[in-house]
Amino acid sequence: MIKEKSYYIDTYGCQMNVHDSEKIAGILKEKGYKPADDISQADIIIFNTCCIRETAEKKIFGSIGNTKKYKKVNKELIIAVVGCMAQQEGIQEKIQKSYGFVDIVLGSLNFHNLSDAIDSVLTKRKFFAQIEKDAKPAIKEDMPIYRTSGVNAWVNITYGCDNFCSYCIVPYVRGRERSRSPQAVLDEIKRLLDEGYREITLLGQNVNSYCNDMDNNWNFAKLLEEISKINGKFRTRFMTSHPKDFNQEIVDIIKQSKNICKSVHLPVQSGSNRILKLMNRKYTREHYLELIDHINTIPKVGITTDIIVGFPTETKEDFEDTLSLVEEVRFSNAFTFVYSKRSGTKAAEMPQIDKLTKKKRIMELVALQNKITKEISQDYIGKIEEILVEDTNPKIKGVICGRTDNGRLVNFYGDKKLIGEFVDIKITSAKSSALWGELNV
Ligand code: SAH
Ligand code: SF4
Ligand code: F3S
């Protein structure tokens, strides 16, 4: 009997990449590959990479290096490096020079050609690379997708980014902003709901600028409104929102619709107007706080954010402005990052901050946010929350978990059969951001 070939995908980075990996899996399944039980057993290993921070890159190169040993055992093994890091200038050369055992390099705009790349390597046994130079390639609508979650489905609404925040590599590795047609998005959502998915997450680097690049009368608020008209019980989330394009219309639709979650991820990045300007974020602290006031009119809304500390030239006062904004807004959660210099970006040319100061600042910020998250969590105790059960808890046997409408993770003991169902849970305790509860029967 011929052994079925298997694949292993190692995914780094954001939700966009997680979803791209589902498309990569779709291509591999169509080629007759099945998922490998373990990386050491795979016939093809794909690294779907990220380069948002230096730490991500270092980790990926370490993992690529670790696969060399598998090639000694399995001479037919194919190793591919795809995605954002691969799209960066000079990376293909670095891989060829220092990681000569890698067979395929495909940029983030080229992974749909994985099938041809594999065929080429199998027949010619020669290195294959393809890095798209056109920053605005046409959207591929016909890609196979192999989704592994039966509850939540990712749906792209835009690709790329035009914002060029001065610290960020994404516009250089993901190309210009391109919106998917509203029809394609709505058709996909309806199909997914018919297939039994209960939660849809709309994906884009800046979902609020949806259709700005198109000659039609659509925008993000209109898309949400159309989604809210779809019948059936399901949830819609979206990420990421950019404060410069977020508006009252979106707040109103969230308020009115039962299918749009009361959860907004609105990255602020800094509380200092001077730093926001240097970051090229195109809004002020005051504008951001005004948006927060509007969003807070949504009952029980959960607001989360991203913050960078140690941006070039950030002074003690700038950092204090960030701390005071965090205190004022009281985010339910914040993703906090130490600024990482990315070559080719504007901020890489600015005077940099020393490592120790960055470390001290991130620790102070994390401590403050943890305190706030914990305090907010306490308010849930004793309340009944509707949860969409999503998965088993990977660490504790018998525990299943899901989220509240506003995005809080809730753990409770229950039957796996409940995955995919909406259930009422009474919250009994809170551990920092995660809540614990019991079925309310
Ligand atoms: N498009 C989204 C986020 C993309 S990247 C947005 O604009 O909000 C996710 C987060 O990574 C960013 O919000 C930012 O906080 C962080 N990030 C991006 N570049 C970074 C860098 N060079 N160093 C540290 N953090 C960075
Ligand atoms: Fe990066 Fe800014 Fe685009 Fe987000 S909006 S991906 S932070 S350039
Ligand atoms: Fe995402 Fe990293 Fe690319 S954050 S868009 S995978 S650089």
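These legends describe close-up views of a predicted model.

**View 1. Ligand 1 and its surroundings.** Ligand 1 is surrounded by 15 residues. The closest are Tyr167, Gln205, Gln269, Asp306 and Ser340. An N or O atom in the side chain of Asp306 sits 2.6 Å from an oxygen atom of the ligand. Tyr167 uses its backbone instead: an N or O atom there is 3.0 Å from a nitrogen atom of ligand 1. The side chain of Arg53 has an N or O atom 3.2 Å from a nitrogen atom of ligand 1.

**View 2. The buried face of helix α12.** Helix α12 covers residues 285–295. Its buried residues are Arg285, Tyr288, Leu289, Leu291, Ile292 and Ile295. Seen down the helix axis, these residues fall within an arc of 155 degrees, so they line one face of α12. What do they pack against? Their partners are helices α10 (248–256), α11 (273–278) and α13 (316–329), along with strands β12 (263–265) and β13 (302–309).

**View 3. Glu177, a buried charge without a salt bridge.** Glu177 lies in the loop between α7 (170–174) and β9 (178–179). Glu177 is buried and forms no salt bridge. The nearest side chain of opposite charge belongs to Lys244, 6.9 Å away. Glu177 does make a polar contact, side chain to side chain, with Ser209 at 2.9 Å. Residues that Glu177 touches include Lys136, Tyr159, Asn206 and Asp213. Lys244 has a salt bridge with Asp245, with the closest N and O atoms 2.8 Å apart. Lys244 is partly exposed, at 28% relative accessible area.

**View 4. Thr201 in strand β10.** Thr201 belongs to strand β10, residues 199–203. Is Thr201 buried or exposed? At 4% relative accessibility, Thr201 is buried. Its side chain makes a polar contact with the side chain of Asn152, at 3.4 Å. Thr201 is also in contact with other residues, among them Ala153, Trp154, Val155 and Phe238.

View 5. Most residues other than glycine have a negative phi, and most peptide bonds are trans. Arg125 has a positive phi, near 50 degrees. Arg125 sits in the loop between α6 (114–124) and β6 (128–130). Thr313 has a positive phi of about 70 degrees. Its loop joins β13 and α13. Both residues are partly exposed: Arg125 at 37% and Thr313 at 25%. The peptide bond from Met239 to Thr240 is cis, with omega near 10 degrees. Thr240 is in the loop between β11 (235–239) and α10.

**View 6. Salt bridges across the chain.** Side chains of opposite charge can pair when their charged atoms come close. How many salt bridges does the whole structure hold? A search finds 20. Asp119 pairs with Lys31, with their closest N and O atoms 2.8 Å apart. Asp119 is in helix α6 and Lys31 in the loop between α1 (15–30) and β2 (34–35), so the bridge ties together parts 88 residues apart in sequence. Asp318 and Arg274 form another salt bridge, at 2.7 Å from N to O. This pair links helix α13 to helix α11, parts that are 44 residues apart in sequence. Asp318 is buried, at 6%, whereas Arg274 is partly exposed, at 39%. Salt bridges with shared partners also join Glu141, Arg147, Arg180 and Glu188 into one network.

Key:
Residues numbered from 1 in each chain as written. Chains lettered and ligands numbered in written order. Predicted model: local features only at pLDDT ≥ 70, side-chain atom pairs only at ≥ 80, totals over all residues. Heavy atoms only, no water. Buried < 20%, exposed > 50% of the residue type's maximum accessible area, 1.4 Å probe, protein only. Helix = DSSP H or I, 4+ residues; strand = E, 2+ residues; numbered from the N terminus. Arc of directions from axis to C-beta. Contact = heavy atoms within 4.5 Å. Lys, Arg positive; Asp, Glu negative; His and termini not counted. Salt bridge = Lys/Arg side-chain N within 4 Å of Asp/Glu carboxyl O. Polar contact = N/O pair within 3.5 Å; in protein donor to acceptor, adjacent residues only side chain to side chain. Near = heavy atom within 4 Å. Lists of a residue's contacts leave out its neighbours within four places in sequence.
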